[in-house]
Amino acid sequence: MNNLSTLAVARNSFLNQKQSLALSVSSFENWRQYIYENCGIYFQDNKKYLLESRLQKRIAFLGLESFDHYLDHLKYSTNSSSEKKYLFEAITINETFFFRNQPQLDVLVNTVMPELIAEKKKSGKNKIRIWSAASSSGEEPYSVAIVIWDLIKPRFPNIEFEIVGTDISSAVLDTAKNGVYKEYSIRNAPAYYLKKYFKQNAAGFEILPQIKNMVSFRLLNLYDTMAMKMMMNFDIIYCANVLIYFNADSKIKVVNSLYNSLSKGGYLFIGYSETLHGISKAFKLISFPKTIGYKKE
Ligand SMILES: C[S@@+](CC[C@H](N)C(=O)[O-])C[C@H]1O[C@@H](n2cnc3c(N)ncnc32)[C@H](O)[C@@H]1O
């Protein structure tokens, strides 16, 4: 074996040894508290092993000795804020796909958009602002952009649309900005849209520039009250499949910020299996065909 391979074997065995580190119950408590305070995600007791396995790789990579050392590193080292980026990437679940919630898109096209545009016209305005507040790799805001381009813009040519996607994980935002997707992401996309708005190449399915240019992406932690105060005057907010990772208190805090980010008359849409029951009474619940929305009156 040459020197390089000996080094590689030594490093692998070091990594394997580190990967078998265990997260003690008391350390789990400290981690759960730290994560909760920093981003609102609350690891239930039955998610201890998930957290353990998600952090092990990073601990091994940094050559640290324990979960406690990694937590100290995050809390006290000079580069702790840049390390948080890796933490958020490690602990978040980024599952998403195009056209994940077709009933919401139907309602957007058939009811919500015509209503909002009529209101805008009354007040002499011509811009609709939409925010995908946990956009992951972009499939949700791009799906919205596709139906707007295809079905709304031709009907309302004088209206301007701004779509913003935000997430706490910079890795998924890089994918979103790149706009190239694997088969898995487009599995639910109607064939018509796939053909019309994607170009298939060696890398995958690339979203066409006219759709890509409709959406901008930026890093944002929904649990950061100051950053949330900068997100103002949205007409529609999608905050789907993220509140499920929060506990009641962090849901209340985030939903309250989202309420403040909406313009009067605007709508908040959340995931299929989510509810604001017990979280907020500020919105009016609106029943649409096969879906619901929360309106700020
Ligand atoms: C399961 S994905 C949902 C994506 C998309 N909204 C959908 O429904 O398909 C959840 C996303 O929420 C993001 N997330 C989790 N906690 C967050 C926080 N505190 N602030 C912003 N984004 C967060 C994760 O990084 C992840 O990309």
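Begin by selecting Asn201, and you'll find Gly204 of strand E5 standing opposite. Keep in mind as you look around that this is a predicted model.

Now widen the selection to the strands around that pair. E4 covers residues 198–201 and E5 covers residues 204–207; the two run antiparallel, with four bridges joining them. How many residues does the hairpin use to get from E4 to E5? Two residues make the link.

**Next stop: another pair of strands**

Select residues 127–132, which is strand E1. For a landmark, click on Ser132 and look across to Gly165 in E2, which stands opposite. While you have strands on screen, here's a handy thing to know: side chains in a regular strand alternate between the two faces of the sheet.

**On to the helices**

When two helices pack, the description uses the angle between their axes and the distance between those axes.

Select residues 25–39 for helix H2 and residues 67–76 for helix H4; their axes are 10 Å apart and the packing angle is about 25°. Angles under 35 degrees count as roughly parallel, and H2 and H4 are therefore roughly parallel to each other. Their crossing is left-handed. To see where they meet, show the side chains of Ser27, Asn30, Trp31 and Tyr34 on H2, then Phe67, Asp68, Leu71 and Leu74 on H4. Colour that contact by class and you get five nonpolar residues, two polar and one charged.

**Last stop: H6 and H7**

Now pick residues 102–122, helix H6, together with residues 139–152, helix H7. Their axes come within 10 Å and cross at roughly 50°. How do H6 and H7 lie, then, and what is the word for that arrangement? With that angle, H6 and H7 are oblique to each other. The crossing of H6 past H7 is right-handed. On the H6 side, the contact is made by Leu105, Leu108, Val109 and Met113; on the H7 side, look for Ser143, Val144, Val147, Leu151 and Ile152. Sorted by class, this contact of H6 with H7 has eight nonpolar residues, one polar and no charged ones.

Methods: Residues numbered from 1 in each chain as written. Predicted model: local features only at pLDDT ≥ 70, side-chain atom pairs only at ≥ 80, totals over all residues. Pairing = 2+ DSSP bridges. Axes fitted to C-alpha atoms, helices over the stretch in contact; angles between N-to-C directions. Parallel < 35°, antiparallel > 145°, perpendicular 65-115°, else oblique. Left-handed = near helix turned anticlockwise from the far one by under 90°. Contact = placed C-beta atoms within 7 Å. Nonpolar A, V, L, I, M, F, W, Y, C, P; charged D, E, K, R; others polar. Buried ≥ 20, exposed ≤ 12 C-beta atoms within 10 Å, placed from the backbone.
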